[in-house]
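Please look through the structure shown here with this short briefing at hand.

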Amino acid sequence: MNYYLLIPFLPLAAFIINILFGKSIIRDKAHWVAIAAVAGSWVVSVATLTDVLSGKSLNQDIYTWILSGGFKVSVGFLIDQLTTVMLIVVTTCSMLIHIYSVGYMHGDKGYYRFFSYLSLFTFSMLMLVMANNFLQLYFGWEGVGLCSYFLIGYYFNKKSASDAGKKAFIVNRFGDFGFGLGIIIIFLTFGTVYYEPVFSQAGAFAAKTVNFLGYDVHLMTLIALLLFCGSVGKSAQMPLHVWLPDAMEGPTPVSALIHAATMVTAGVFLVARCNPIFSLSETALIVVALVGAITSLFAATIALVQNDLKRIIAYSTISQLGYMFLACGVGAYTAGVFHLYTHAFFKALLFLCAGSVMHAMAGELDIQKMGGLKKYMPVTYWTMFIASLSISGIPGFAGFFSKDEILWLAYSSPNPVGKLVWAIGAFVAFLTAFYSFRLIFLTFHSTFRGTHEQEHHLHESPKSMTVPLMLLCIGAVAAGWVGIPSVLGGGAHFTEFMRPILGHPEGHGTHAEELVVMGISVAAGFLGIGLAYYMYLMRKDLPVKLAAQFNGAYKVLFNKYYVDELYSFLIIRPTIWIAKNVLIGVTDAKVIEAIVNGVPGAIGAFSRQLRKAQTGFLHHYATIMAMGLLVILVLMLMR
Amino acid sequence: MVPLQWYLMLSAAVFTIGVFGFITRRNIIIMFMSIELMLNAVNISLVSFSHYLQDLRGQILVFFIITVAAAEAAIGLAIIIALFRNKTTAHVDDMNEMKG
């Protein structure tokens, strides 16, 4: 099974080739290198999947990275069920998005740069999911963060894009700080950062408490919550979600790959990977479930009133990530990872369709200025329609199986907040269907509301863009079929496959209850679609009226609950005030400059006094010499 | 036989004259001559000790000093001439540019 090494290192090689030779030699052929590498990774990933399906797994160190006393870290790879699912998700999405980018980024000045970053991202993401220790995970984690920064700020001469890149990076620092502390505490507790010994010994520390900031807390709760800090940052959960909508400044394929399908799900992967730690702490699980549920509700309500095509999908991503955490929080890690896997397909598809629409609309993103695009771009319309059905949880589509699994396991969970998060989840399912179809109806149905010039420009995207759409569409429909629950006569293969790694929640419930829960979520989905149809196709005056009637609520939602303004007030402006008045005004002007200017000033004043001894009159020097001689003579005689 | 002390007293007297002349006089040529006096006072004491101790090393040192003094006289006089040409004076109080 040693060919697995090719999976991360092919994209790395593509990155090195493109970054070194892209500008001068390869230029507009850069995609060949990148696509060949990621396709190779995909083939090897599929081979790895078949190996794992036949019962093999692997945990191997290949290179000693750090060796210092008792601290040893290697570059090592762990290939098990969870890793292979992530490998398939990452390489499949990455490959299709690489192909899509050929059409989307055609003729761009930084073509080679785009593909090199995409390869570097794929490498980092694969290192993240294949790691067998926390430090390598952290390496991949920061690597994907860095690539995300590069790619959000890809159009760096646009101020909003470079600001968004910085915002993503800085907000992630908050989460990663906690994550780093978590790894340090893991090392202090277990003496190692490898998964295998940490997870197998975690049970022994279950009852241990430590004093943290004056409170006695369970060690495992502390570790789990610190690790979860990292997840909150990377997966854009409350309260660190603010960077993800802004990250839409990047090129659309980047939004699809990094900010929908792969990188942002790293947080869910982390929680799933560390499930032996999380499962030991009920407090941590409740926090995870509540953060997930609140985030999903919060983001879904914002998405209801936004008009920016990509931002609606971005809030939808945040909301769906909240779903995944909700699942992990009730102990249903398999359902969380299952949703991660199906979500990657339909969300990447939604973004790529949005990119296709942008392509036709020459960069226009306001859905109020679209409409009637259906007849100009049928492929985009139908694929996006199917992706929206999938995310709305319509039976038969991928999203239905994973969402239903989450809601059922939340409902049947013994977790004290299980019922609460189920209710939130079911309501969010309704909201999700509503805003997804609001997007579809406003964009593709009725008549075009843009300028005449724009209408003239409307066209279906080139083959290199529509083919990945159709391929992803297959995933958005069929990806869920591996996890059809037993109540519907399926084998729940996904859950069984994951059981050795992620276990299975202890929930109890009858088949009848399960069908009722399923019925509620399906009804919520249809209700959402129906309401969107009623409001945006039949009674087109209704949305405006409602917005006017509930002006206060509308404003709050439209301004995203003023979270950005709140952070600006609480963090950014005080920081700038401190920088201006304390750091520049006091530290810099009064302390550092006092030292820098004071030391030479004192030396100067001293030497000005000393200079007076230098009269320039020869006899003064001679007298001093003679006096000196006399003194020496006297001293010698008196001895 | 003249005793050693006399020679040393002569040496000290000549040296003191040299020092006194160097400090008090302002004419650069006189000061230069005073330096020569001091060097020769040292030479006297070296020779007298050499004779007293019956050791020729002292006299060898005297040759060195005479050589150095000759070189110094040559260079020193050249500098004095150069100074005189620039300043048209040999008075050291007029030469006080080398101050801080």
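**Backbone and contact briefing**

Gln54(B) is exposed, with 6 other C-beta atoms within 10 Å; here a residue counts as buried if 20 or more other C-beta atoms lie within 10 Å of its own, exposed if 12 or fewer, and partly exposed in between, with C-beta atoms placed from the backbone. This is a predicted model, in which local features need pLDDT of at least 70 and side-chain atom pairs count only at pLDDT 80 or more, while totals for chains, interfaces and linings use all residues. Residues are numbered from 1 along each chain as its sequence is written, and chains are lettered from A and ligands numbered from 1 in the order in which they are written.

**Positive phi values**

- Gln54(B), a residue other than glycine, has a positive phi near 55 degrees, and it lies in the loop between helix H2 (28-53) and helix H3 (57-87) of chain B, where helices (H or I, at least four residues) are DSSP runs numbered from the N terminus.
- Tyr561(A), also not a glycine, has a positive phi near 60 degrees, and it sits in the loop between helix H24 (551-558) and helix H25 (563-611) of chain A.
- Tyr561(A) is partly exposed, with 15 other C-beta atoms within 10 Å.

**Cis peptide bond**

- Met238(A) and Pro239(A) are joined by a cis peptide bond, with omega about 0 degrees, and Pro239(A) is found in the loop between helix H8 (219-234) and helix H9 (243-246) of chain A.

**Contact between the chains**

- Chain B gives 10 residues to the contact and chain A gives 10 residues, where two residues are in contact if their C-beta atoms, placed from the backbone, lie within 7 Å.
- The side of chain B that touches chain A has five nonpolar, two polar and three charged residues; Ala, Val, Leu, Ile, Met, Phe, Trp, Tyr, Cys and Pro count as nonpolar, Asp, Glu, Lys and Arg as charged, and the others, Gly among them, as polar.

How values were computed. Helices (H or I, at least four residues) and strands (E, at least two) are DSSP runs, numbered from the N terminus.
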